Amino acid sequence: MAHVGRPFTDYKPPAAAPVWAVIEGLGRYHVLLAALELGVFESLNEAPADSGMTAGELARRLGLPELHTESLLDSVVALGLLDRVVDDFRLNDAARRYLLVDGAASMAGLIPVAPGPHENWTRLAATVRSGRPATPIDDDPAAFYVPLVEGTFTTMWRCAGRADFKMRYSALDAPRILDLGAGGAPWSIAMLEACAGGRATVNDLDGVIDVARRKTAEHGVDDRCEFRPGDFHTIPLEEGAYDIVVLGHICRTEGPDGARHLVERAYGALRPEGRVVMADYFVGPNHKTNPHAVLMGMTMMASTVNGFGVTTAEATGWLRDAGFEALRLIEPIGFQFAYVASKPRD
Ligand SMILES: C[S@@+](CC[C@H](N)C(=O)[O-])C[C@H]1O[C@@H](n2cnc3c(N)ncnc32)[C@H](O)[C@@H]1O
């Protein structure tokens with residue numbers, strides 16, 4: 001080793017593991033996608049209780065070659081998302097919870113769409129060079145957002161339900177809720193389920209808002225919703241009318257000016273003492289401590305015209321500049337964060 005005067009690298013070179021982890025990232029993702037696409041988890045769920053299936057049994061069931069099936073199954077085991085007991089492959093707790101279509105916290109529908117259009121990742125260097133993705137989701141938002149919001153619904157509805165423990169919206173008698181860019185309306189649904197007298201104004205783009213119509217009907221709260229399709233930057237909003245305004249994962253696609261505008265719209269629409277909920281993946285001051293948020297920001301840059309990660313400093317700055325006070329960051333469920341802030345009393 002050449003001595004370069006840096007004590008650690010002088011005598012012990014750094015491990016290559018982080019580089020290998022990156023190289024394997026692509027394969028890891030596609031192993032999981034293939035297993036989902038082939039119905040591996042759903043099939044293993046049909047194995048008798050306390051047992052699993054051999055690769056041969058699963059291969060015959062799915063009409064696949066046995067060696068290829070075993071190779072795929074072993075790779076899913078290596079990801080920690082299946083167990084292998086001798087020759088038996090079995091669902092583990094993580095697979096049951098997150099990978100079954102009807103799992104308690106299913107992410108099965110989210111996994112294919114969460115990274116955005118896959119081809120945008122192969123053109124990332126060109127996006128950094130030109131400052132714009134070649135095929136941003138902004139060009140055809142409904143095509144991207146319909147499967148996305150269907151895929152995120154379970155997680156976001158759980159998050160919105162648990163948020164009650166932190167913000168006690170259920171204590172409100174008959175709140176008026178405004179849900180901008182509502183997707184499947186997980187926040188409105190959770191709040192309406194907790195507040196029998198509540199009413200919600202549910203906004204999303206034409207073509208996406210039908211997901212909200214369907215989900216609110218499934219949860220029996222559609223009769224207390226007014227659906228207001230259109231661009232959340234320009235749709236008419238009542239001034240000083242709402243108890244809660246939800247900005248659920250809509251700021252990070254808008255860029256700083258667009259996000260600031262949404263926060264200002266929320267402020268204007270709230271009554272005094274009303275509260276805004278801004279849910280997102282916030283990048284903290286040390287980017288190493290929340291790589292999930294940093295990479296979510298990169299996902300935005302890869303596939304949207306204006307999107308970047310939202311830092312805690314930016315988010316709190318937009319909220320304070322708009323006039324909000326009593327800012328709190330809550331984490332209703334793991335990995336899901338939201339700022340809750342109040343409009344001052346008149
Ligand atoms: C990441 S999803 C979040 C959905 C939901 N709020 C949640 O928290 O689960 C972003 C949503 O914003 C909607 N959206 C994007 N741009 C919009 C715009 N200009 N006006 C209204 N909705 C928009 C999308 O259609 C999508 O449903």
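Predicted model: local features only at pLDDT ≥ 70, side-chain atom pairs only at ≥ 80, totals over all residues.

1. Helix H9 supplies the largest share of the shell around the ligand, with five residues. The shell has 20 residues, and those that come nearest are Tyr-145, Met-156, Gly-181, Gly-183 and Gly-248. Sorted by class, eleven residues of the shell are nonpolar, seven are polar and two are charged.

2. Next, the chain as a whole. The secondary structure consists of 14 helices and eleven strands. Along the principal axes, the C-alpha atoms fill a box of roughly 65 × 60 × 35 Å. The chain has 346 residues, of which 36% count as buried. Taking contacts between residues at least 6 apart in sequence, 64% join residues at least 24 apart.

3. The sheet to look for is an open one of seven strands, in the order S5-S4-S3-S6-S7-S11-S10, and its pairing is mixed. Its edges are strand S5 (225–227) and strand S10 (325–333), each of which pairs on one side only. On average, neighbouring strands in the sheet are turned by 20° against each other, with direction ignored.

4. Strand S3 (residues 176–180) runs parallel to strand S4 (residues 199–202), and four bridges join the two. S3 also pairs with S6 in the parallel sense, again over four bridges. S6 and S7 run parallel too, joined by six bridges. Strands of a sheet pair through backbone hydrogen bonds, either parallel or antiparallel.

5. Which residues stand opposite Leu-178? In S4 the residue is Thr-201, and in S6 it is Val-245. Further along, Val-246 stands opposite Val-277 in S7. As for cover, seven of the seven residues of S6 are buried.

6. H9 lies across strand S6 (242–248), strand S7 (270–280), S10 and strand S11 (336–342), and runs at about 130° to S10. Helix H10 (residues 186–194) lies across S3, S4, S5, S6 and S7, and runs at about 165° to S3.

7. H10 is mostly covered, with seven of its nine residues buried. These are Pro-186, Trp-187, Ser-188, Ile-189, Ala-190, Met-191 and Leu-192. Why does Ala-190 count as buried? It counts as buried because it has 25 C-beta neighbours inside 10 Å, where 20 or more are required. Beyond its neighbours within four places in sequence, Ala-190 is in contact with Trp-157, Ala-160 and Gly-161. Ala-94, which is 96 residues away from Ala-190 along the chain, has its C-alpha atom 25 Å from that of Ala-190.

8. The largest nonpolar core has 66 residues, and the members that touch the most others are Val-245, Leu-247, Leu-262, Ala-266, Val-276, Val-277 and Met-278. Helix H9 (residues 141–167) gives the most to this core, namely eight residues. In soluble globular proteins, nonpolar side chains tend to be buried together.

9. Apart from its neighbours within four places in sequence, Ala-266 is in contact with Val-245, Leu-247 and Val-276.

10. Two backbone angles deserve a check. Most residues other than glycine have a negative phi, and most peptide bonds are trans. Val-86 is not a glycine, yet it has a positive phi of about 55°. Val-86 is found in the loop between strand S1 (83–85) and strand S2 (88–90). Ala-326, also not a glycine, has a positive phi of about 55°, and is found in strand S10.

Note on methods
Residues numbered from 1 in each chain as written. Core = buried A, V, L, I, M, F, W, Y, C linked by C-beta atoms within 7 Å. Buried ≥ 20, exposed ≤ 12 C-beta atoms within 10 Å, placed from the backbone. Contact = placed C-beta atoms within 7 Å. Pairing = 2+ DSSP bridges. Axes fitted to C-alpha atoms, helices over the stretch in contact; angles between N-to-C directions. Near = placed C-beta within 6 Å. Nonpolar A, V, L, I, M, F, W, Y, C, P; charged D, E, K, R; others polar.
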